[in-house]
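Colleague: I have some questions about the labels used for this model. Please set each value against its cut-off.

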Amino acid sequence: MKKPISKIPFNGTPEQEAKLKAAIERSNGNKSELIYIMQQAQDIYGYLPYEVQVMIAEGMDVPLEKVYGVATFYSQFALSPKGKNAISVCLGTACYVKGSKAVMDKFSSELGIEPGQCTADGEFSLESCRCVGACGLAPVCVVNDDVYGKVTPEKVVEIIAKYKSK
Amino acid sequence: MTNVQQPVSLEDTPFYKKQLRLALRNCGIINPEKIDEYIAMDGYMALGKVLTEMTPQTVVDTILASGLRGRGGGGFPTGRKWQFALNNVSDKKYVCCNADEGDPGAFMDRSVLEGDPHAVIEAMAIAGYAIGADEGYIYVRAEYPTAIKRLEIAIGQAREYGLLGKNIFGTDFNFDITLRFGAGAFVCGEETSLLTSIEGNRGEPRPRPPFPAVKGLFGKPTIINNVETYANVCQIILKGAEWFSSIGTEKSKGTKVFALGGKIKNTGLVEVPMGTTLREIIEEIGGGIPNGKKFKAAQTGGPSGGCIPAEFIDTPIDYDNLIAIGSMMGSGGLIVMDEDNCMVDIAKFFLDFTVDESCGKCTPCRIGTRRLYEILEKITSGNGTLEDLDRMENLCNYIKANSLCGLGQTAPNPVLSTYKRFRDEYIAHVVDKKCPAAVCKSLLCYEITADKCKGCTACSRVCPVGAISGTVKNPHSIDKTKCIKCGACMERCKFGAIVKK
Amino acid sequence: MKSLEDLAEIRERTKALIQLKDGTYEKRVVVGMATCGISAGARPVFDTLKEEVESLGLSDKIEVTQTGCIGICQFEPVFEVYEAGKEGKVTYVKMDAEKAKKVAEEHLKNGNIVYEYTIGYTKL
């Protein structure tokens, strides 16, 4: 899977670094916890820039290419930061047959970005996801942690407005 | 309100009456965050029974005799897996639970984990005793935060009660469970990929043999079962193999949970005895297709499965029958489609998924699925030829025969099954350049039915490219050379005068 | 826990409690709180039921608790009411905070089923 790599300069804080170090400490040298450490790192930083991958590789004593290999293999890991509001439209089967493609297209045209991108002001990022398990509410989209069911292209405008500069 | 007394309880609705809830028996009844409520429903009695009354071999024999088969997709007999692992002598063995439910449109495992997490934990401990393992891993999708939270609570409570840990029930049996979170890779639902992922690697499959029961997690004998499979184990121990094998069909015992979705009135989670027909599920439990549309096909098995056409609606559903009609049980997603769904488009949709999720390790899957997708793309855009259909079929068979793991070996199924059952639709796309269900954008055209058009001009005002012309109170028409097929006019028309063909 | 007897003791005690046979509670209200229920709005329904039962002074008599997936996605949020000494249960569907409040007053307090919100009377 090709992942966009961010060109935004890394600006991690000492607090974030301390948190990551503590997480690595807790793994107690167990290399099979690499994915879990990277999940925690992504929670701390929001994404996994080069600098963070180096910290993990050194802390866990694994080659950097292994960290990068894992980061690019799993779709959960992002190499670019997400927008302040992360929109994800379900393109799972149940949603797809109920028209989630049109919902995705509407988000895309309203925000002026393609899936996988973030708006220039950093407010919104858009991506697709595979089934959040709420198929009874199809089509579904998720903004941050809020799930919206029975979304139509008309509702997309309302949803975006709700989050704008919030 | 009618004179007839309507049911006030779910139990009295047709949706519920045809169901038989074994794996889901506690879901929707107990509080999953309280271990006492699980115990109230005979929880941990099965673990107590195996530890105090049964030998590992009798446990395996019971599971074998019950006829339980893996609920994750393949349907391999669970007892045989356990027997292999028991037979392998090793200082260390592992029990794994596959909770990486990646099929789009399936949420059976999530429901069990969120509604009855202890049922899985207890069954894993039983499996541990049966094969001689003291450590278990549950590999659960990170996309299921509620399931993870409830599992964490449940494991904590089980440890507190001494139902996980050392010397369980005062015996010398030790067992504990670690959670591992998937990171969004569909291939990790394949058992060898799941193991490499638990080990902290890219989740790529390994060739089998050696099978995990011989050489699995960290190179040790390992069993991997799906959530729903485990959810059946405790009851088989308590009620006996005979009870379980009395339910279902000859070769498929017990029940199956389906996540019923798509074009169906009652979307939901349903559990029915094996051998229930598709008609019973769709018409009686599901309440039929909404908006008076016609049933066209049901998709089972997700990206590995196929579409079951209307002519097989009375086939009793079990592992073998589904394979015989070109689909498979899969983990239990059951998506209903009506006449508005284009089967070529559906095949393309699933293939898009596998192209995306192919791990890239073997060439037939990595490149083959992409080429296959391109052929479908060509067909749905109106540029396909009859030769393309032959190439498509050949490529499907090649990918099936040569891929390394289950993902690639089953990836062409959605294409093959739709091609076999809905060949007309493929032909229509290729020869007539038409999409009969009016889904494939490049092949359809919008037209105004003159006698329904009132000449209100609403459509011409909304058209973004000015393709609609006409004067007030006179029928309008669409210039097909200008039309970009956005559908805005059809949405706007209040008189249903605009149709897509 | 050291023995099967300990386990059996917890089982009997909790069974009586949740089947409303030990006199602790008169009614048990379970709210479907799996992912689908929560995303359809089960949390405010659950909170409202808790608050209402409290403010009506019924906390000692009625237990409001959560459960997993009841299995009827399109009816979410759903909750069910069990009553001591009565067979079956009442399934309330398509709930919101407002409706939950009404059920708390009519059914939980006064014992009258609010038919219009039950599964058989709700049109999708």
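Modeller: Buried residues make up 54% of the 124 residues in chain C. Keep in mind that this is a predicted model.

Colleague: What makes a residue count as buried?

Modeller: Its relative accessible area must be under 20%.

Colleague: Why is B:Thr146 called buried?

Modeller: Its relative accessibility is 16%. The cut-off is under 20%. B:Thr146 therefore counts as buried.

Colleague: Where is B:Thr146, and what does it touch?

Modeller: B:Thr146 lies in helix α8 of chain B, residues 145-160. Leaving out residues up to four places away in sequence, B:Thr146 touches B:Glu114, C:Thr35 and C:Ile38. A contact needs heavy atoms within 4.5 Å.

Colleague: In what order do the elements of chain C run?

Modeller: From the N terminus, the order is α-β-α-α-β-β-β-α. Among contacts between residues at least 6 apart in sequence, 60% join residues at least 24 apart.

Colleague: How many charged side chains does chain C have?

Modeller: Chain C has 18 positive and 21 negative side chains. The centres of the two sets lie 3 Å apart.

Colleague: How do you know that chain A and chain B are in contact?

Modeller: The cut-off is heavy atoms within 4.5 Å. By that test, 32 residues of chain A are in contact with 40 residues of chain B. The two chains bury about 2,800 Å² between them, with 57% of it on carbon and sulfur atoms. On the chain A side, A:Phe73, A:Thr93 and A:Arg130 lose the most area to chain B, together 26% of what that side buries.

Colleague: Which residues of helix α3 in chain A are buried?

Modeller: Helix α3 covers residues 50-60, and its buried residues are A:Val52, A:Gln53, A:Met55, A:Ile56, A:Ala57 and A:Met60. They pack against α1 (14-26), α2 (34-45) and α4 (64-73) of chain A. Just after α3(A), A:Asp61 takes a positive phi of about 60°.

Technical notes:
Residues are numbered from 1 along each chain as its sequence is written. Chains are lettered from A and ligands numbered from 1 in the order in which they are written. This is a predicted model: local features need pLDDT of at least 70, side-chain atom pairs count only at pLDDT 80 or more; totals for chains, interfaces and linings use all residues. Side-chain values use heavy atoms; hydrogens and water are left out. Helices (H or I, at least four residues) and strands (E, at least two) are DSSP runs, numbered from the N terminus. Buried means under 20% relative accessible area, exposed over 50%, partly exposed in between (1.4 Å probe, protein chains only). Lys and Arg count as positive and Asp and Glu as negative; His and the chain ends are not counted. The place of a charge is taken as NZ of Lys, CZ of Arg, CG of Asp or CD of Glu. Buried area is the accessible area (1.4 Å probe) that two parts lose on being put together, summed over both.
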